[in-house]
Amino acid sequence: MEAKQFQLAEELRKSIRGIVKTDEPMAKHTTFGIGGPADLYIEPADTDDLAQIIVWLNERQIPWFVLGDGANVLVADKGIRGAVIHMGKPFRKVKIDGEKVIVGSAAKLDKVVSATVDAGLAGLESTAGIPGTIGGAIVMNAGTYRGQIGDVTEKVCVVTTDGVQLEMTPENLQFRYRWSVFQEDKNKIIVEAYLGLKPGNKEELVRTMEYIRHRRNMNLPTVGRSAGCMFKNPDGYSAGQLIDEAGLKGTSIGDAVVADKHANFILNIGKASATEVKELAERVRGTIKGKFDIDLEYEVRIIGDW
Ligand SMILES: Cc1cc2nc3c(=O)[nH]c(=O)nc-3n(C[C@H](O)[C@H](O)[C@H](O)COP(=O)(O)OP(=O)(O)OC[C@H]3O[C@@H](n4cnc5c(N)ncnc54)[C@H](O)[C@@H]3O)c2cc1C
């Protein structure tokens with residue numbers, strides 16, 4: 001298998017301009033700091049390069065997964081069979097044109113928030129402090145009870161599995177709570193997004209953005225590594241409150257711990273394995289089902305070779 005992997009990497013390097021690595025540890029690329037190696041790890045040089053990579057992988061029936069900043073994924077200890085396409089520096093452009101913001105999918109959401117607030121534009125400040133990229137945020141419809149990225153997304157440019165570039169509008173993006181169509185249709189890679197904002201009072205926007213960042217620092221765990229909320233809030237309930245009421249704060253398996261400060265966070269406080277995090281998450285789900293007859297749905301994407 002290994003020889004084949006190196007041969008494939010060599011072949012791919014000759015056909016594209018981006019970076020190709022083999023056996024890249026995913027722990028280096030996830031906020032959990034967890035995850036085994038990806039067979040192939042590819043960073044496209046630009047959109048055309050990305051299209052070529054997708055076609056190349058599909059022709060060889062090599063499964064692929066797109067990674068942003070890895071702030072919402074739990075990757076298996078055995079890693080990922082196939083290819084990880086990491087959207088990096090070439091996709092970080094941010095252009096503000098009046099009330100429109102054109103952003104590359106690898107731009108950091110929080111940096112885009114700062115740039116739009118600095119330009120006196122309102123609409124994105126409710127997502128201040130959320131880690132990750134614009135691409136990941138659109139897939140997850142990232143946000144808080146104050147608002148989410150889908151509220152201001154007007155258009156998303158993608159590359160399809162055939163290497164074709166397409167534009168998608170809110171009707172086909174189907175944003176809802178922590179959900180967009182990309183969670184179902186995994187055959188598209190986001191390269192760019194158009195956000196529509198409104199003129200606002202810059203001083204007020206700065207105050208709101210800083211307040212939100214401050215509240216996050218106060219209320220979210222500051223020790224350990226995580227992928228944010230492990231579970232989505234079930235209809236009418238707060239997952240964190242249910243987990244707290246079930247007395248699960250502080251429960252641990254190895255170095256994986258249910259956070260004291262926010263019960264919906266599972267923390268890696270040292271050398272937790274993906275298996276330990278998953279086992280702990282399943283224990284939480286089982287307890288919540290037993291106590292409240294509620295099924296917790298994962299918000300964190302569980303990926304790789306389990
Ligand atoms: C400390 C902490 C706090 C957090 N707080 C919040 C919060 O308040 N609200 C919230 O909503 N989330 C929160 N999160 C979760 C996380 O920040 C968001 O889900 C974020 O949007 C993930 O972005 P990412 O670039 O890291 O995506 P990744 O984790 O890399 O990927 C997430 C999903 O998006 C897909 N994806 C990524 N980029 C692309 C692309 N270009 N094209 C197609 N698919 C793509 C991946 O395949 C994967 O399925 C938190 C996480 C942490 C660590």
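Tutor: The shell around the ligand divides into 16 nonpolar, 13 polar and five charged residues. Here Ala, Val, Leu, Ile, Met, Phe, Trp, Tyr, Cys and Pro count as nonpolar, Asp, Glu, Lys and Arg as charged, and the others, Gly among them, as polar. This is a predicted model, in which local features need pLDDT of at least 70 and side-chain atom pairs count only at pLDDT 80 or more, while totals for chains, interfaces and linings use all residues. Residues are numbered from 1 along each chain as its sequence is written, and side-chain values use heavy atoms, with hydrogens and water left out.

In total, 34 residues surround the ligand, each with a heavy atom within 4 Å of it. The closest are Val 66, Gly 68, Ala 71, Pro 131 and Thr 133. Domain 1 (2–86) and domain 2 (92–219) both contribute to this shell, so the ligand lies between them; the domain bounds come from an automatic or database domain assignment.

Polar contacts are pairs of N or O atoms within 3.5 Å. A polar backbone atom of Pro 131 is 2.6 Å from an oxygen atom of the ligand, and a backbone N or O atom of Asp 69 lies 2.9 Å from a ligand oxygen atom. Arg 216 places a polar side-chain atom 2.8 Å from a nitrogen atom of the ligand. Taken alone, the ligand exposes 990 Å², of which the protein buries 91%; these accessible areas come from the Shrake-Rupley method with a 1.4 Å probe.

Notes:
Polar contact = N/O pair within 3.5 Å; in protein donor to acceptor, adjacent residues only side chain to side chain.
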